[in-house]
Amino acid sequence: MRILAISDIHNNVACVRKLRSQEPNDFDVVVVAGDIGDYRATEIFDVLRSFGCPIVYVYGNWDRKLAYSDTFGRNCHLIHLNVIKIGALAFTGFSEFERGRDPLMKPIAKNVTGTRYVQKYRDALIDIITRSGLDLRRTIVITHQRTTRLGQRLPGLLLYLFGHIHTFNVSDSEGSKYVNVSALDRILPVMPAHRRHRALRQALIAEERKWAPLIGELRHVNAGNYAVIEIDAAGRVQVECRLLHHAYDGWTVVQALALYVGAPLVPEEAIFGDNRRFVQSRTGTSRTKAP
Ligand SMILES: [Mn+2]
């Protein structure tokens with residue numbers, strides 16, 4: 001079983017197209033651990049479906065406008081307190097909680113706290129795994145955030161896949177493997193390589209009219225990561241973190257993150273995107289059309 005696992009796309013269709021361009025169709029399943037992005041989800045699933053294998057996914061905190069009844073085409077399965085079997089493995093999990101939106105949790109009182117809500121999901125997940133008679137050594141749980149205290153109650157469960165904290169990580173605990181597969185959406189600001197970083201920093205310290213011309217030279221690249229996971233017949237799990245290619249001749253990464261507001265993609269990557277402008281806000285990154 002070969003799994004392509006991704007998370008935290010945040011409406012960034014270009015990074016999904018770039019992933020598509022660098023991986024062939026040799027996966028048995030694509031896993032999306034949430035934060036797809038609520039207004040470009042259809043385009044994102046259109047790209048992912050071209051891998052020609054089933055897609056299993058959960059919603060994250062960026063997916064609040066996506067309904068539980070939404071569908072994204074043949075072979076796309078929302079894993080939310082249900083079980084999908086692919087080959088010898090079972091996939092289950094749950095979406096990020098949001099009070100009142102999930103039809104399965106409607107009866108929960110408004111004053112139930114976030115922690116107790118997660119507890120309800122945890123109990124419901126254990127219940128469905130038990131009732132379905134799943135072999136834990138052949139079961140994969142997908143959530144958006146890592147869920148604590150599942151390990152003790154599901155001893156030896158094969159694999160947990162999640163995202164949310166935008167840092168790839170693999171760990172083993174109580175006989176299970178935990179993989180934070182995020183984030184596919186990671187943007188790096190770049191400048192023409194001949195601009196020395198020091199000169200840029202000095203320009204930033206100076207008044208705006210001095211660095212305005214440099215801003216015009218700023219571009220961005222998609223530099224996120226994803227995971228390729230192999231599970232053999234004996235249940236051994238191998239996890240590989242892969243990066244979106246992002247080293248281009250003539251471009252150098254600049255660290256001043258605030259700078260990339262409004263910067264288009266480098267020409268090498270413009271083929272993957274529509275050069276939408278990036279607007280950074282406190283609640284996240286939202287995209288608006290380039291003028
Ligand atoms: Mn996220």
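So, to start: in what sense do strand β8 and strand β10 pair, and over how many bridges? They go parallel, with 4 bridges between residues 159-162 of β8 and residues 176-180 of β10.

Before I go on, a word on confidence. What you're looking at is a predicted model. The chain has a mean pLDDT of 86, and 81% of its residues reach 70 or more. Residues 277-291 are another story: pLDDT there is below 50, although this stretch does have 30 contacts in the model beyond near neighbours in sequence.

β8 and β10 belong to an open sheet of 6 strands, and the order is β5-β6-β7-β8-β10-β9, with mixed pairing. At the edges you find β5 (84-86) and β9 (169-173); each has a single partner strand, so one side of each is left without a neighbour in the sheet. Going from one strand to the next, the twist averages 20 degrees.

β11, residues 187-192, is joined to β15 by 3 bridges, and you can see Met191 standing opposite Thr252 in β15.

Next, a hairpin. Strand β13 (residues 225-231) runs antiparallel to strand β14 (residues 237-243), with 7 bridges joining them. One of the pairs to look at is Tyr226, which has Arg242 as its bridge partner in β14. There are 5 residues between the two strands, and Gly235 in the turn has a positive phi of about 85 degrees.

Last stop, some helix packing. How far apart are the axes of α1 and α2, and at what angle do the helices pack? The axes of α1 (residues 13-22) and α2 (residues 41-49) are 10 Å apart, and the angle is about 0 degrees. That makes α1 roughly parallel to α2. The contact brings Val13, Val16, Arg17 and Arg20 of α1 up against Glu43, Ile44, Val47 and Leu48 of α2. By type, that contact has 5 nonpolar residues, 3 charged and no polar ones.

That's my tour, thanks.

Terms used: Residues numbered from 1 in each chain as written. Predicted model: local features only at pLDDT ≥ 70, side-chain atom pairs only at ≥ 80, totals over all residues. Pairing = 2+ DSSP bridges. Axes fitted to C-alpha atoms, helices over the stretch in contact; angles between N-to-C directions. Parallel < 35°, antiparallel > 145°, perpendicular 65-115°, else oblique. Contact = placed C-beta atoms within 7 Å. Nonpolar A, V, L, I, M, F, W, Y, C, P; charged D, E, K, R; others polar. pLDDT = per-residue confidence, 0-100.
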